[in-house]
Amino acid sequence: MTYQVLARRLRPQRFDEVVGQEHVTRTLQAAIAAGRVAHAFLFAGPRGVGKTTTARLLAKALNCERGVGQEPCNECTNCREIGEGRAFDVLEIDGASHTQVDKMRDLMETVAHQPIRSRFKIYIIDEVHMLSQHSFNALLKTLEEPPPHVKFIFATTDPHKVLPTVLSRCQRYDLRRIGLGELLEQLKKIARGEGVGLSDDALALVAREAEGSLRDAQSLLDQVLAAGEAAADEATVREILGAADRRLVIAVADHALGGDAAACVRDLAALHAHGYDPQRFCRDLLDHVRNLTVLRVTGDRQLLAELPEAEAEALTAQAERRSADDLHRFFRLLLEADEVLAAPARTVDPQLVLEMAVLRLATLPPLLPVDEILRRLEALGAGSAGGNVAAGSPAAPKSVKVQSGERLWEQFLARVREEKVSLYLALAGGKLVSADETSIRIGIENEALRRDVSRPETVARLGAVPCRPSKRGTRRSAARGAGPRKRSRIRWCRRRSRSSAVRYAASVTATSAERSGR
Ligand SMILES: Nc1ncnc2c1ncn2[C@@H]1O[C@H](COP(=O)(O)OP(=O)(O)OP(=O)(O)O)[C@@H](O)[C@H]1O
Ligand SMILES: [Mg+2]
Ligand SMILES: [Zn+2]
């Protein structure tokens, strides 16, 4: 006997067997019960989440010989034939094969014919977004006023590519990605049914790899079973699926957060040696940083409920190590790397791209909150005026001051970049000229940029770069309007200089809002 793959063997035969799409199946059943069945449906959703399955179930429920019901009987000829995709009155059409308008016109001519053996003539058009504009138009005429014995069921993974005129004539149902927990439950059930002993960790790995698609989960499980590994553990399954070790993702993140560049390079070499795909690893890292950010911002582990306990534990510790702003920057840098890796015309070795991106993360200095930068700027000024820097620290010599001014300028720039990239690009053309008691002077050589930056709106915008006090208490009181709101004030001044190329300088002055009277 030939082996039938799980995904085909396990296709749900009843609405209540469809996993994770109750919001759709219940509504459909209610409509059937109330006798209010629309004439056109659109099932939208990612791949392998039950669109075709639900379309066939609806067709069965409408054409079952035992009467229109909330569940098909699955025994009558109609139900069986629909299940096998060979019912005369239920036409399953692939949108990709009907891109030519002639084919669609031909199909629409059959609409006038009465069904042969059933109540309804049902057209299931899969991947409907693939139809050409002309085909859509040919379909539209019929869709507007179909005869009462006709039902249309469309399915698509790309609803935004379906013409709005078609969309507006359908009842739309969005099927969702299936949650990790639910996938895992299903896989456990299937493994039990198949009589194979796979560890929970191994099944969790399969579930994670499936990315919300139950069909993919079933196919991957098939792949594992085909390898003949009864009682396979996570490591074996990982090898079969070619998935990266989660521990490696956590380790790279850990070393990047800790600024250990050498360890990062070693991790990535191990990754390379295992033959993992750099782009996929980059996506895993993106996912990981997303989780860290969620933890950092909300502190709510429940939001990562689907992660194994040990992993959630490790993530919580990592999230504590950097500010949310830093994590956002990590994410953005990885996203840039991912774009490069995904570019079709890429010529650079993907491993190099990944390595450079991770090294960038490992060497990224922590971003200071604006108010902290302002505080330090103020301290810098106060320090040289009265030798009164932060308590305990000696007054800094001038060169050190310029140096730290440079760092502060970089940090200020980074902050501006967070807020407004266009502004940042203009400002980044500037050079630090000097840092003294109350200001940092920046020279901008390029005439056009200088003009751009000196526009009053720009200066005003710079002044409005918001400060987020870092301590929770102050944040809360600021939100209530009670705390002091600090702003950076940027003053630009013309500075004529014969020898220097820098002819225009800006002083970035740190003042508190109260002091500047704002
Ligand atoms: N929600 C679900 N509940 C139960 N099984 C499902 C579900 N989604 C997918 N499956 C399994 O995956 C198989 C394929 O599902 P189906 O053909 O309905 O997916 P689809 O959404 O139409 O995918 P595609 O976008 O690739 O056409 C089914 O036979 C079934 O085994
Ligand atoms: Mg389908
Ligand atoms: Zn039936």
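In which elements of the protein chain is confidence lowest and highest? In this predicted model, local features need pLDDT of at least 70 and side-chain atom pairs count only at pLDDT 80 or more, while totals for chains, interfaces and linings use all residues. Residues are numbered from 1 along each chain as its sequence is written, and chains are lettered from A and ligands numbered from 1 in the order in which they are written.

Confidence is given as pLDDT, the predictor's score for each residue from 0 to 100. Its lowest mean, 35, falls in helix α23 (residues 472–479), and its highest, 97, in β1. Helices (H or I, at least four residues) and strands (E, at least two) are DSSP runs, numbered from the N terminus. The protein chain averages 80, and 78% of the residues score at least 70. Over residues 383–400 the pLDDT stays under 50; the model has 17 contacts for them beyond four places in sequence. A contact requires C-beta atoms, placed from the backbone, within 7 Å.

Five strands form an open sheet in the order β2-β3-β4-β1-β5, with parallel pairing. Pairing requires at least two DSSP bridges between two strands. β2 (90–94) and β5 (171–174) each have a single partner strand, so one side of each lacks a neighbour in the sheet. Five bridges link β3 (residues 121–126) to β4 (residues 150–156). I122 stands opposite K151 in β4. Helix α3 packs on the sheet and touches β1 (40–44), β2, β3 and β4; its direction makes about 165° with that of β4. Axes are lines fitted to C-alpha atoms, for helices over the stretch in contact, and angles run from 0 to 180 degrees between N-to-C directions.

Ligand 1 has 21 residues around it, of which R11, G50, T52, T53 and R215 come nearest. A residue is near if its C-beta atom, placed from the backbone, lies within 6 Å. α1 (6–9), α3 (51–63) and α10 (214–226) each supply at least two shell residues. Domain 1 (6–174) and domain 2 (180–241) both contribute to this shell, so ligand 1 lies between them. The domain bounds come from an automatic or database domain assignment.

Terms used. Contact = placed C-beta atoms within 7 Å.
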